[in-house]
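Please read it alongside the sequence and the coordinates.

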Amino acid sequence: EEGVAAALPSSLSSAPHGAAFWCEVCEVECTTLANFQTHCVGKKHAKEVARHQSKLAKAAMSDADKEHVAVYVGNHRPVLSSPPELLPGTPFPADAVRGWREMLHELVPEGVFERFCRDQCRALPGVTWEDVTSHWLYLSEAEKQVLHSQQKQVRAMTFREHNVEMRQMGVTEHHNISKNWNSLDYVHQQEYSRRAEERLAVTGYAQK
């Protein structure tokens, strides 16, 4: 519940109408700190947080699109000369996914939220970005802990796959293998992770 409240801190400044505490997200007045804290861990606040985060993500997507030149052809329909890169295994722009994860005010190692997005897309065909972010905010701490625990196995499998590919290409020194990994961009690293996740989905995650 603390993760939900911390996902988008509300303002503790005076409300426009003189209330002691004011939630800018929900535009709700609270007369005491206890009431304010209760509001911040409630379902209504969590829902508003998810909706607000979705707007921020859409704004990020729009900014990404603006970086590409629109070419007008035929009946003047806009065509992007180079569409934004997608997070492997999802229909979501990679920059939006990474940006949303970085906006979370909680410890979410790289790969955990990305894998959650892919799992949601596999389990719920046609799932929207707003659905995915809302589902994340409603995860219990126990569910998040499982994701964190499994991510260690995903990372180990990811690096193993990359290591094998490098050795097949004649790169055998650990230093050079690590250097190559660090030179890969976010999307390429996530493609390795996607393949590792699919292998582990077949073999199963080790129970600890």
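**Notes on packing and cores**

1. Leaving aside residues up to four places away in sequence, V97 touches L87, F92, F113, E114, C117, W129 and Y186. These contacts are those of a predicted model.

2. V97 also belongs to the largest nonpolar core, which has 21 residues. Together with F113 and W136, V97 touches the most other members of that core. Helices α4, α5, α6 (129–137) and α9 (186–203) each contribute at least two residues to this core. The largest share comes from α5, with five residues.

3. The packing of α4 (residues 94–103) against α5 deserves a separate comment. The axes of these two helices lie 9 Å apart, at an angle of about 125°. Angles from 65 to 115 degrees count as roughly perpendicular and those over 145 as roughly antiparallel; α4 and α5 are therefore oblique to each other. Their crossing is right-handed.

4. Which residues of α4 and α5 meet in this contact? On the α4 side they are V97, W100 and R101, and on the α5 side F113, E114 and C117. By class, the contact of α4 with α5 comprises four nonpolar and two charged residues, with no polar ones. V97 and F113, both listed in this contact, are also among the core residues that touch the most other members.

5. Helix α5 (residues 112–123) also packs against α7 (residues 141–168): the two axes come within 10 Å and cross at roughly 95°. This angle makes α5 roughly perpendicular to α7. From α5, the contact involves V112, R115 and F116; from α7, it involves L147, H148, Q150, Q151 and V154. The residues of the contact of α5 with α7 divide into four nonpolar, three polar and one charged.

6. Is T32 buried, partly exposed or exposed? Its relative accessibility is 35%, so T32 counts as partly exposed. Buried would require under 20% and exposed over 50%. The C-alpha atom of T32 is separated by 6.8 Å from that of F21, and the two residues are 11 residues apart along the chain.

Methods
Residues are numbered from 1 along each chain as its sequence is written. This is a predicted model: local features need pLDDT of at least 70, side-chain atom pairs count only at pLDDT 80 or more; totals for chains, interfaces and linings use all residues. Side-chain values use heavy atoms; hydrogens and water are left out. Axes are lines fitted to C-alpha atoms, for helices over the stretch in contact, and angles run from 0 to 180 degrees between N-to-C directions. Helices (H or I, at least four residues) and strands (E, at least two) are DSSP runs, numbered from the N terminus. Angles under 35 degrees count as roughly parallel, over 145 as roughly antiparallel, 65 to 115 as roughly perpendicular and the rest as oblique. Contact means heavy atoms within 4.5 Å. Ala, Val, Leu, Ile, Met, Phe, Trp, Tyr, Cys and Pro count as nonpolar, Asp, Glu, Lys and Arg as charged, and the others, Gly among them, as polar. A crossing is left-handed if the near helix is turned anticlockwise from the far one by less than a right angle, and right-handed if clockwise. A nonpolar core is a set of buried Ala, Val, Leu, Ile, Met, Phe, Trp, Tyr and Cys residues joined through side-chain atoms within 4.5 Å. Buried means under 20% relative accessible area, exposed over 50%, partly exposed in between (1.4 Å probe, protein chains only).
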